[in-house]
Protein chains: 2
Amino acid sequence: MAGPGTHEHPVDPVRVAAARVGQLSAGDAEQLTVLLGVLADPLRTRILTALLAADELCVGDLALALEANDDAVSYALRVLRRHGLVTRRAAGRLGFYRLTDGHTRPFLVEALRQLQDLARRQPPQPTGQNEPPG
Amino acid sequence: MAGPGTHEHPVDPVRVAAARVGQLSAGDAEQLTVLLGVLADPLRTRILTALLAADELCVGDLALALEANDDAVSYALRVLRRHGLVTRRAAGRLGFYRLTDGHTRPFLVEALRQLQDLARRQPPQPTGQNEPPG
DNA sequence: CCGATATCCGCAATGTCGTCCGGATAAACG
DNA sequence: CGTTTATCCGGACGACATTGCGGATATCGG
C-alpha cells in the first residue's frame with residue numbers, strides 16, 4: 001500500500017513494469033498461439049497421440065483407429081503438416097504420417113503428457129465462475 | 001512386411017491397435033482442446049505471462065502493460081476466469097486478477113515456459129510443406 | 001448527494017475455421 | 001488397358017469466437 005488515496009493511470013506502477021518485462025513479445029505470443037491453435041482441435045490432438053503410440057500410420061488406418069471421417073483426417077493432417085508437426089512418407093497411393101523428428105517431437109511428447117494429465121484433473125467447469133455472490 | 005499383396009481396411013492392424021490404446025479418449029481430447037483453445041490467443045497468453053511476472057494486476061494496469069484495449073482485456077479475463085485459469089479479487093471498483101493457485105498454476109508455469117521456448121526455436125513456416133519434389 | 005471513474009455486460013457485425021460434397025489424380029490389380 | 005481404390009483438392013455452407021460500442025452498476029472523492 002504505497003499509493004496515494006486515489007489512483008490514476010497505473011494503480012501499481014511497479015507491477016506494471018514487472019509485467020512489461022516478464023511478458024511475451026507480441027511476435028512470440030503470435031507464434032506461440034498459432035501453434036496452440038493447431039493443437040486446439042480434438043481430432044488433431046487425437047491424431048498426434050495416435051501417432052505417438054503407433055509411430056506411423058496411413059490416413060485410412062488413422063481414420064479407422066480414431067473412428068473419424070477420412071476427409072476430416074486428411075484435412076487435419078494437412079494442417080499438422082503445414083505447421084511441421086507431422087511428416088509424410090509416400091508409399092504408392094498411401095500416405096504415411098509420423099511425428100516430425102527433431103526438437104518438435106520431444107516437446108510434443110512432454111507437452112501432450114502434461115496437458116493430458118491436466119485435462120484429467122481439471123474438473124468440468126462449463127460456465128462456472130469463481131466469486132459467485134461477492 | 002507381413003501384409004498380403006493388397007490392402008483392405010486396416011493396412012497395418014497392429015499399429016491401428018496400438019493407436020487405439022495409446023490414444024486420448026474423445027472426452028479427454030475435448031477437455032484438453034478446450035483448454036488449448038483458451039490458450040490459443042495472443043492477448044490471453046500475454047495476460048497470463050504478465051500475471052506470472054507481476055503476481056496480481058487490475059484490468060486497467062493490465063491493459064496499460066499490454067498496450068491493449070480495456071474491453072478486450074476484460075473479455076479475455078472473463079474467458080480465462082470462466083475456465084479457472086485466473087482468479088478475481090474485488091477491491092472497490094477495481095478487479096484484481098492473478099493466476100489460479102493450485103494444480104493449474106505450476107502447470108501453467110511449466111507449459112508456458114516450454115511453449116515459449118518452442119515458439120522461439122520454431123522457424124516461421126507460413127505455408128511450407130515437407131516432401132516437395134519426391 | 002453528485003459527478004467521475006473502473007469495470008462489466010448485451011447486442012450486432014465481422015472474420016475465421018472446420019466440415020461436407022463432388023471431382024481429380026495416381027497407383028495397384030487383373 | 002480398364003477398373004477400383006486411397007488420398008488430395010477446391011468451393012459452399014454453417015458454426016463459433018472476437019471485437020467495438022452504448023449503457024448499466026457500483027465505488028470513490030468532495
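Two residues are in contact if their C-beta atoms, placed from the backbone, lie within 7 Å. Axes are lines fitted to C-alpha atoms, for helices over the stretch in contact, with angles from 0 to 180 degrees between N-to-C directions. Helices (H or I, at least four residues) and strands (E, at least two) are DSSP runs, numbered from the N terminus.

Now the model. It is predicted: local features need pLDDT of at least 70, side-chain atom pairs count only at pLDDT 80 or more, and totals for chains, interfaces and linings use all residues. Residues count from 1 along each chain as its sequence is written, while chains are lettered from A and ligands numbered from 1 in the order written.

Chain B. Helix α3(B), residues 42–54, lies across β1, β2 and β3 of chain B. Its angle to β3(B) is about 90 degrees. Those strands form an open sheet, order β1-β3-β2, paired antiparallel. β1(B) and β2(B) stand at the edges with a single partner strand each, so one side of each has no neighbour in the sheet. Pairing takes at least two DSSP bridges. β2(B) and β3(B) have 6. B:Arg88 sits opposite B:Tyr97 there.

Chain A. β2(A), residues 86–91, and β3(A) run antiparallel, also over 6 bridges. A:Val86 faces A:Leu99. The two strands make a hairpin with 2 residues between them, and A:Gly92 in the turn has a positive phi of about 65 degrees.

Last, the DNA. Near means a C-beta, placed from the backbone, within 6 Å. 23 residues surround DNA strand D, and A:Cys58 and B:Gly92 are among the closest. α5(A) gives the largest share of that surface, 5 residues.
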